[in-house]
Amino acid sequence: MMKRGAFKGKDDEQLTARTFWEPAGYLLPFMLGLAIFTIYPFINVILLSFKEGYNAISGEFSGIGLSNYQYILQDANFLNGLKNTSLYVLYVVPIATVLSLLVASMLNSDIKLKGLFQTCYFLPMVTSITAIGLVWKWLYNYDYGLINYFLSLLGVEAINWLNNPVFNLPALIIYGIWNMIPMTIILLLAGYQNINPQYAVAARVDGAKKGTIFFRITLPLLAPTLGLTMIINVIYGSKVFTELFPLFNGKPGSAYSLYTVVYYLYDMFYVKWKLGPAAASAVILFLIVLIFTILQLIIQRKWKNY
Amino acid sequence: MKALKKAILYLLLTIGAGIMVLPFLWMIISSLKTAAEVNTTPPTFWPENLVFENYVYAFQSAPFGTYFLNSVIVTAACVACILFTTILAAFAFSRLKFPGRDLLFSMLLSFMMIPFEMLIITNYTTIVEWGLANTLIALIIPFTCSIFYTYILRNFFLSIPDSLYYSARVDGASNWKYLWRVMIPLARPSLITVGLLDAITCWNSFLWTMIATDSQSVRTLPFGLYAFMSASGIRYERLMAAATIVVVPMILLFVCCRKSIVTGVSRGGLKG
């Protein structure tokens, strides 16, 4: 087989009519869409977050500064959103990861009906958060909900999941875990595929027990995947928003105490039409994602040799 | 001993699977109950008599037919546009040679982490300025290209041996012909994966639909369902019927194409 680039002539490195127009034609639709709906709004929202006294209709503003950031950092709703989003991520990601690891290791073993089990476990992934959120709203129902019925069988008193602010976040978290498990299992199963089964075979020949093999061989080899999966989930969880609509009728919790970062952004932009603070919260959301993406890249680089 | 272990494994897997599927089963069971039966304690686990009037009600009281059609149009258009732009861009980034190609591509990759939620403010302004607010087009054009899918397809294109290209070129095929006659047929599995992932994302899209539309005639299913809940009050048997209408197409899609979807998701999650 010809080595890649062997045909590369000298003129391919230079900008000539041929090396410009043909690729430009192929790239035009893609770059146009990207420029208008990703790159331009990205830059624009950052600029907007620094504009003070911005008037959405005339496009005028009184100055450049940090007042929008000052505004949101003093806004109880935004701080509430940061707190809830952090708590949500802190609960949902570890619990979903441990449960998924358990299921993935079982699905990875030699079992029958694998396809059926996979279908069951992956189903939540493809369904609308709004539609299935309504089902959870029904499951959480105080009087007739299935969850309170099961709790009553265990002798636990009925919990007012959706109308008692204390239980709003737990309700969101449980639904979030259920939602996050499918994608996590899939990512972990992909990680399992990359582990050479001969390590486990060799260990078994040497007399290692199943538990030892899991904790000493499989888990360390799975560590990079596990790290990446958790970061993908942290980024995903940081954007928690849509779930609030079916559960709480579009309110951020029954007592307006369950703001999330994206809900705050939506609220400032769409409901209150305060574009400056909305843009500032969008930039903060981006910074959160940025930090975890950099972490992801570091992990990927560090474990490249596996 | 070994049989016991196996039994425990299956038991645990079945319990877990039961919990994951329970909301879906409960949704369908509840949608087939009468109003009186839905609100009983203890709940009945199978409807006393199957009633379908909740579905009839959903279709009559809210334009679920229109929502459904809109969802199909928007999803089909998004998938078609995404495939078109992705194929061309992935080809340029993998096969064509031009100065700065790989630099440009790695720059674009870094844009992948921009959360869509961040872009809604400006995108809404753009849509309004173009006079597209409250149209189906507004639900389509912001989603006509994706860096993530281009990345998936480019990786596949790169795995096609160069020798194929050079022999095609020697035989006189242009780049354009080579792309559509050789690469696309080879890339079918990747294209199906990209198409399915995008279809799922489009079908379930909520935030942008809520922002960009405000009349029933251009709503898609997820937001239509939410509006139905707000408008018709909480009648769970009816809500569950409506939710079933929204959820079932994606479940069917998943059951039919599980492998392609799972392959796609395992490359980096679902971009929602």
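In the predicted model, helix α4 (residues 114–126) of chain A packs against helix α7 (residues 165–193) of chain A at an angle of about 115°, and the two axes lie 7 Å apart. The crossing of α4(A) past α7(A) is left-handed. On the side of α4(A), the contact is formed by Tyr121(A), Phe122(A), Pro124(A) and Met125(A). Helix α7(A) contributes Trp178(A), Asn179(A), Pro182(A), Met183(A), Ile185(A) and Ile186(A). By class, the residues of this contact comprise nine nonpolar and one polar, with no charged residue.

Contacts also extend between the chains. In chain B, 76 residues are in contact with 81 residues of chain A. The element that gives the most to the side of chain B touching chain A is helix α1 (residues 2–31) of chain B, with 12 residues. This side of chain B contains 56 nonpolar, 16 polar and four charged residues.

The largest nonpolar core of the model holds 153 residues. Those that touch the most other members are Leu265(A), Ala282(A) and Leu285(A) from chain A, together with Leu225(B), Ala242(B) and Ala243(B) from chain B. Helix α4 (residues 64–94) of chain B gives the most to this core, with 13 residues.

Notes. Residues are numbered from 1 along each chain as its sequence is written. Chains are lettered from A and ligands numbered from 1 in the order in which they are written. This is a predicted model: local features need pLDDT of at least 70, side-chain atom pairs count only at pLDDT 80 or more; totals for chains, interfaces and linings use all residues. Axes are lines fitted to C-alpha atoms, for helices over the stretch in contact, and angles run from 0 to 180 degrees between N-to-C directions. Helices (H or I, at least four residues) and strands (E, at least two) are DSSP runs, numbered from the N terminus. A crossing is left-handed if the near helix is turned anticlockwise from the far one by less than a right angle, and right-handed if clockwise. Two residues are in contact if their C-beta atoms, placed from the backbone, lie within 7 Å. Ala, Val, Leu, Ile, Met, Phe, Trp, Tyr, Cys and Pro count as nonpolar, Asp, Glu, Lys and Arg as charged, and the others, Gly among them, as polar. A nonpolar core is a set of buried Ala, Val, Leu, Ile, Met, Phe, Trp, Tyr and Cys residues joined through C-beta atoms within 7 Å. A residue is buried if 20 or more other C-beta atoms lie within 10 Å of its own, exposed if 12 or fewer, and partly exposed in between; C-beta atoms are placed from the backbone.
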